[in-house]
Each structure stands twice: as C-alpha cells, then as structure tokens.
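Here are my notes for a first look at this model. Please read them with the structure open.

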Amino acid sequence: MPVNTEAYHHLIKQLQSKNVQLVAVSKTKPNEDILALYEQGQRAFGENYVQELVDKAAILPSDIHWHFIGHLQSNKVKYIAPFVYLIHGVDSEKLLAEINKQAIKQNKIIACLLQVHIATEETKFGFDASSLAEFITSGRLSNYSHIVIKGLMGMASFTEDQTLVEKEFSTLKSIYDQTATAFNNIHFDTLSMGMSGDYALAIEKGSNLVRIGSLLFGARNLVL
Ligand SMILES: *Cc1c(COP(=O)(O)O)cnc(C)c1O
C-alpha cells in the first residue's frame, strides 16, 4: 500500500493549528515509504526495533530525527546512542543509567521521555504515578549528567472503550502537570500520547506529540 500523502497533509494541517508535533511511525515499513513522506517535508520518524532503526538510519538522509518509541533493552542502548534524537520509552532507572553511560561515551546529551503506565493492561511498560513522583522529587536525576528529561510518554489501553481511553489520557495529563510542577525544568515540555486510532482524543486531553503509523503508511503486516 502506498504512503497516504493526502492523509499526511490533512493531519499536518490539523496538528499545526494545535501546536502538536508529529512523529511518523515507520516500523516494519520500507525505506521508500519513509522517503516518500520525507519528500513531503516530514523529518521526525519513530521506530520500535533497534536493529531495524540502525539499518534505516545508516541509509536514510542524515537530517531525519529518529525517535525510538519501543521497549528499549539496556544492552541495546549503545547501538542507537550515537544518533537517536529522542527516546520515548524510558521505563526504569536502570535504563536511564545505561543511556547516561552511553551518552557520556558519545560526548552528547540524550533527550528522553519517561514512560508512564496508564493502561489497565498488564503488558504495557512504564513507571506508575507514585514511583515517578518519588523519582522526580528524590534528586537522583542529577546523577545523570548527560540526560535531559523532555517529558512523558504513555499508551492507552487497546480497546474500543472510548471512555476508558479518555480516562487514561486525562490521568496521564494530570501526572504530566504534577511532574512539570515538581520538576520545574525548562526542558520539560513534551507529552507524547496518541496514535492513529486515538490521537484526536489524546490532543483534546492535552497531548502535544502524537505517534502515528498506520494512518500514514497503511496497516502493518503481523510480523516481527
Ligand atoms: C506502533 C506504535 C505507534 C503507532 O501506531 P499506529 O496505530 O499505527 O498509529 C505509536 N506508538 C507506539 C509506542 C507504537 O509502538
């Protein structure tokens, strides 16, 4: 299925009027699809798998901002540290420590979002509200000299139940606001929530970055 450039321009218009950033989620999609959207002006792309991201980044234009949005294992941080633009799914202090270590090696600052567990499903990773609050107020973040925490990321339950999704987004927005107040850091300005099926609701609830794949690139094959 070709890239839906019409949907892209429609989406961009909608998002720009609300000051919401778009990360085009290109996991499992070929380089030609990414280039098709790149030619329309898109620069922020999101990937879930380390090896796939490393392969794509080596070939595709160097001004692409690569967002890592999947579950990141500590032992794989080193492969993406040299070029990653923003890591969305930081779900433990152990992972943060490893990102910091690799950032020091690369002599760069790595921008991260802390992932918050908002879905009722067991399978979604992330901090819960109380462990996040404890971490932010503990001062331990100052141990991580080469990390900047840009905000929070979350995923709602995969369900038709709009009331539940809405509730989960509202919860994340209020955790975001509380964290922003407690943290009091000028770099903390990004709330990454919303995907193809629920982005409008996410924006209504306060998202300012949406991660959208299938709406732009078509459905993914169930591989990997
Ligand atoms: C795959 C994925 C998306 C994009 O999902 P679509 O429903 O295709 O828009 C967004 N966020 C994360 C974390 C993903 O893994």
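1. Start with R220. An N or O atom of the R220 side chain is 2.8 Å from an oxygen atom of the ligand. That is a polar contact (a pair of N or O atoms within 3.5 Å). The protein covers 91% of the 390 Å² of accessible area that the ligand has on its own (Shrake-Rupley method, 1.4 Å probe).

2. This is a predicted model: local features need pLDDT of at least 70, side-chain atom pairs pLDDT 80 or more, while totals for chains, interfaces and linings use all residues. Residues are numbered from 1 along each chain, and side-chain values use heavy atoms, without hydrogens and water.

3. N48 has one 2.7 Å from a ligand oxygen. R211 has one 2.8 Å from a ligand nitrogen.

4. Which classes make up the shell around the ligand? Six residues are nonpolar, four polar and three charged. Here Ala, Val, Leu, Ile, Met, Phe, Trp, Tyr, Cys and Pro count as nonpolar, Asp, Glu, Lys and Arg as charged, and the others, Gly among them, as polar.

5. Now the aromatic cluster formed by Y176, F183 and F188. Rings of Phe, Tyr and Trp (its six-membered ring) pair if their centres lie within 6.5 Å; planes under 30 degrees apart are stacked, over 60 edge-to-face, the rest tilted. Y176 and F188 are stacked because their centres are 5.2 Å apart and their planes at 25°. F183 and F188 have centres 5.6 Å apart and planes at 90°, so that pair is edge-to-face.

Methods. A polar contact is a pair of N or O atoms within 3.5 Å; within protein, one must be able to donate a hydrogen and the other to accept it, and residues adjacent in sequence count only if both atoms are side-chain atoms.
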